[in-house]
Amino acid sequence: MSFSTRSMLRASRVANFSAVSRVAAPSNAVRFFSATRAVRVSDTANKKSVVREKEVPVTVYGAGEGAHQTLQVPDGAAKVPYDSPVPAEREEVEPLNKKVYDQLPHTVKSMTVQDKVIIITGGARGLGNHMARACAEAGAKAIIIFDANQELGDASAAELHQKSGLPVSFFKVDVRDGAAINAAVDSVVEIYGAPDVLVNAAGIADSNIKAETYDPAMFRRLIDINLTGSFLMAQSVGRAMMAAGKPGSLILVASMSGSIVNYPQEQSCYNASKAGVIQFAKSIAAEWAKYKIRDRLGAVDELNGLCVFLASDSSSFMTGSNVIIDGGYSCY
Ligand SMILES: NC(=O)c1ccc[n+]([C@@H]2O[C@H](COP(=O)([O-])OP(=O)(O)OC[C@H]3O[C@@H](n4cnc5c(N)ncnc54)[C@H](O)[C@@H]3O)[C@@H](O)[C@H]2O)c1
């Protein structure tokens with residue numbers, strides 16, 4: 001999500017189809033990484049470059065007494081598997097209970113959303129709904145769905161509550177309606193406390209409409225939902241976080257179409273809207289940095305979460321991505 005996905009804002013990341021822009025809320029606990037400049041690490045022990053070895057010495061601990069072996073390196077390029085089946089959708093939701101959470105090692109704990117209040121727009125169906133389920137499984141305290149579709153929203157919230165046992169609320173909110181958003185966010189603060197996370201997934205595509213015949217009214221409508229909606233949601237939730245002095249993340253779902261033209265689909269308006277979302281996320285990240293969002297050296301441990309995420313099955317739809325972790329440095 002460039003799942004672009006984070007002080008108030010930190011990095012944006014673009015992964016393949018569901019680009020997410022993530023922005024961290026103003027916080028004195030906002031994390032900051034730089035892949036290239038800002039992390040203290042110990043000196044490299046061995047800078048000697050290896051061009052091509054025929055044999056690799058191996059020492060194995062744990063499967064026999066420090067057994068020494070020699071691995072023969074074959075000539076020729078490895079075969080790369082290329083076509084893999086798409087994993088089936090999961091129906092069940094297994095919430096992370098407190099007892100299990102307490103027993104997790106530190107690294108795994110740090111990758112949960114334990115006790116966080118999470119607002120998800122567009123959570124009535126599609127990606128937003130699946131992200132809501134994932135947050136429920138990752139320890140959320142409460143899930144709040146904002147969506148324009150009353151029927152689907154109610155049904156999805158009821159289902160998620162029934163499957164997870166978590167408090168789940170549905171607010172019929174159109175992300176173009178600033179006043180309704182503010183009222184709904186105020187109500188969330190009253191019921192659950194200030195939100196920790198916003199996932200803005202509400203959006204429309206209007207795909208396959210030629211630019212030369214695109215109705216200007218439709219163009220404005222899409223920009224209003226995808227881009228202005230991102231702004232209104234980030235503004236409202238950002239204000240609630242600032243007022244509570246609470247660390248948090250604003251995650252704006254963009255698209256790979258915000259960085260590339262998804263040819264041959266004719267969707268100039270969608271592509272432009274998502275490019276706007278990515279740049280908007282960077283802009284508020286830079287602007288809200290004054291709320292103690294840092295530009296500092298990263299600690300060694302602040303790269304671990306991404307490392308584990310990329311190593312895990314959670315990142316199974318990412319490949320060839322360049323994920324920037326720099327505490328917002330590259331935003332401005
Ligand atoms: N599906 C993809 O392949 C893909 C790829 C990249 C990015 N995205 C982005 O991910 C997000 C979700 O996509 P999806 O495919 O799950 O869409 P979807 O159409 O399945 O779901 C979108 C949800 O947003 C809600 N919504 C639409 N307009 C709204 C408005 N004005 N106010 C409030 N709610 C509104 C809808 O009711 C619906 O529940 C979108 O922002 C989309 O651009 C999707």
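In this predicted model, the largest nonpolar core holds 31 residues, and those touching the most other members are Ile-119, Ile-144, Phe-146, Val-188, Met-233, Val-237 and Leu-250. Several elements each give two or more residues to this core: strands E5 (117-121), E6 (142-147) and E9 (249-253), together with helices H5 (178-192), H6 (216-244) and H7 (268-287). Helix H6 supplies the largest share, seven residues. In soluble globular proteins, nonpolar side chains tend to be buried together.

Leaving aside residues up to four places away in sequence, Val-237 touches Ile-119, Val-185, Pro-195, Leu-198 and Leu-250. There is also a second, separate core of 20 residues, with Val-93, Ile-120, Cys-135 and Val-168 among them.

Val-56 lies in strand E3 (residues 55-60). Its relative accessible area is 31%, so Val-56 counts as partly exposed.

The structure holds three aromatic pairs. In one of them, the ring centres of Phe-231 and Phe-280 are 6.1 Å apart and the planes stand at 85 degrees, so the pair is edge-to-face. This pair links distant parts of the chain, with Phe-231 in helix H6 and Phe-280 in helix H7, 49 residues apart.

Technical notes
Residues numbered from 1 in each chain as written. Predicted model: local features only at pLDDT ≥ 70, side-chain atom pairs only at ≥ 80, totals over all residues. Heavy atoms only, no water. Core = buried A, V, L, I, M, F, W, Y, C linked by side-chain atoms within 4.5 Å. Buried < 20%, exposed > 50% of the residue type's maximum accessible area, 1.4 Å probe, protein only. Helix = DSSP H or I, 4+ residues; strand = E, 2+ residues; numbered from the N terminus. Contact = heavy atoms within 4.5 Å. Phe/Tyr/Trp six-rings, centres within 6.5 Å; stacked < 30°, edge-to-face > 60°.
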